[in-house]
Amino acid sequence: MTDQRAPRDPHAFIAGLPKAELHVHHVGSASPRIVSELAARHPDSKVPTDPEALADYFTFTDFAHFIEVYLSVVDLIRTPEDVRLLTYEVARDLARQQVRYAELTITPFSSTRRGIDERAFMDAIEDARKAAEAEFGTVLRWCFDIPGEAGLESAEETARLATDDRLRPEGLVSFGLGGPEIGVPRPQFKPYFDRAIAAGLHSVPHAGETTGPETVWDALTELRAERIGHGTSSAQDPKLLAHLAEHRIPLEVCPTSNIATRAVRDLDEHPIKEFARAGVLVTINSDDPPMFGTDLNDEYAVAARLLGLDERGIAELAGNAVRASFLDEAGKARLTREIDAYTETWLAP
Ligand SMILES: Nc1ncnc2c1ncn2[C@@H]1O[C@H](CCC(=O)c2cccc(C(=O)O)c2)[C@@H](O)[C@H]1O
Ligand SMILES: [Zn+2]
């Protein structure tokens with residue numbers, strides 16, 4: 001990726017650009033519209049429904065506060081119908097941004113431990129996936145993640161749900177690890193990742209979001225990560241950057257998330273430039289967009305500004321996400337052609 005002259009306003013180009021989203025959380029994608037609908041179903045919840053109050057509620061003092069608020073939204077998902085509604089409406093929001101393909105991170109443990117039947121949970125997400133593909137043309141795939149702070153019980157449950165042939169949903173492609181990193185060492189999750197990988201799933205843990213580069217090394221060596229969620233602190237370790245570049249391990253970069261959770265102080269201090277300069281495959285993602293007051297299109301605009309990219313550079317970023325995705329080769333070729341055709345038409349005199 002080279003520094004190029006930035007277009008004056010890339011928003012219109014980005015809005016129509018076909019895209020792949022690789023790092024976005026299921027519950028973290030609940031828009032104010034979806035939150036209101038769920039809160040109306042469950043009026044005892046403490047989550048505000050008024051959009052202005054919700055914007056205040058979604059202002060975080062630190063990462064721990066973010067997780068506390070996140071879990072209060074998790075508490076709104078109580079029935080399989082809630083799960084179906086959330087999934088289907090998230091797909092609608094993605095389709096509006098011209099997202100053709102998304103790997104959605106789902107934490108099934110949070111739902112099953114709150115009493116949602118596991119079979120009904122899987123049926124709800126699969127039903128929404130099929131309806132979304134048919135109605136919006138957006139292809140959804142799942143990443144099941146372990147909420148690390150909930151302990152090894154949650155790891156066992158997530159691995160079971162992801163590998164049991166009778167339960168494992170058709171759309172499941174990968175296995176992840178999320179939640180706080182401080183005090184939650186990655187190596188303890190190795191046996192669960194080994195099981196998931198043996199069952200054919202890709203390894204995509206969060207690492208280096210709120211802790212140093214050693215966590216990213218642990219994710220690579222112990223959890224055999226094929227992509228890294230965030231990986232922000234990798235910039236502190238030139239050997240790690242060289243390793244990521246050489247082995248083509250993509251980073252799932254979510255710039256606004258890093259500011260909202262206070263993982264990075266300021267956008268202009270975001271290490272995305274160091275990643276690009278080191279030759280690391282950078283993908284742009286939105287993480288928990290309504291909670292962070294952003295969407296994928298805004299994240300591309302932020303990245304274009306930070307990296308000084310013109311339309312071709314932005315299209316190259318969209319291409320990176322396709323290359324780093326777990327789409328099959330035919331699907332990758334189709335989406336890449338679509339990105340290229342859109343860009344050529346846009347730039348034609
Ligand atoms: N930026 C992020 N970085 C990291 N993770 C993020 C990010 N955004 C969203 N998440 C999600 O937050 C969940 C956290 C859930 C969690 O900690 C927890 C702890 C104890 C009990 C329970 C429960 O459900 O009973 C849950 C993760 O699984 C992950 O999917
Ligand atoms: Zn995340």
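Me: Which residues in H8 meet Tyr 192, Arg 195 and Ala 196 in H9?

Reply: They are Leu 152, Ala 155, Glu 156, Ala 159, Arg 160 and Thr 163. To meet is to be in contact, with heavy atoms within 4.5 Å. This is a predicted model, in which local features need pLDDT of at least 70, side-chain atom pairs count only at pLDDT 80 or more, and totals for chains, interfaces and linings use all residues. Residues are numbered from 1 along each chain as its sequence is written, and side-chain values use heavy atoms, with hydrogens and water left out.

Me: Why are H8 and H9 called roughly parallel to each other?

Reply: Helix H8 (residues 152-163) and helix H9 (residues 190-198) pack at an angle of about 5 degrees, their axes 10 Å apart. Angles run from 0 to 180 degrees between N-to-C directions, on axes fitted to C-alpha atoms over the stretch in contact. Under 35 degrees counts as roughly parallel, over 145 as roughly antiparallel, 65 to 115 as roughly perpendicular and the rest as oblique. H8 and H9 are therefore roughly parallel.

Me: What makes up the contact of H8 with H9, in nonpolar, polar and charged residues?

Reply: Five are nonpolar, one is polar and three are charged. Nonpolar covers Ala, Val, Leu, Ile, Met, Phe, Trp, Tyr, Cys and Pro; charged covers Asp, Glu, Lys and Arg; the others, Gly among them, are polar.

Me: Why are H2 and H5 called roughly antiparallel?

Reply: Helix H2 (residues 32-41) packs with helix H5 (residues 80-96) at about 165 degrees, with axes 10 Å apart. H2 and H5 are therefore roughly antiparallel to each other. The residues of their contact comprise five nonpolar, no polar and nine charged.

Me: What is the angle between H5 and H7, and why does it make them roughly parallel?

Reply: H5 and helix H7 (residues 118-136) pack at about 30 degrees, with axes 8 Å apart. That makes H5 roughly parallel to H7. This contact divides into 13 nonpolar residues, one polar and four charged.

Me: How do you know that the buried residues of H10 line one face of the helix?

Reply: In helix H10 (residues 213-221), Pro 213, Thr 215, Val 216, Ala 219 and Leu 220 are buried. Seen down the axis, they fall within an arc of 155 degrees, so they line one face. Buried means under 20% relative accessible area, exposed over 50% and partly exposed in between, with a 1.4 Å probe and protein chains only; the arc is that of the directions from the helix axis to the C-beta atoms.

Me: What covers the buried residues of H10?

Reply: The cover includes strand S6 (206-207), strand S7 (228-230) and helix H11 (238-246). Helices (H or I, at least four residues) and strands (E, at least two) are DSSP runs, numbered from the N terminus.

Note on methods: Chains lettered and ligands numbered in written order.
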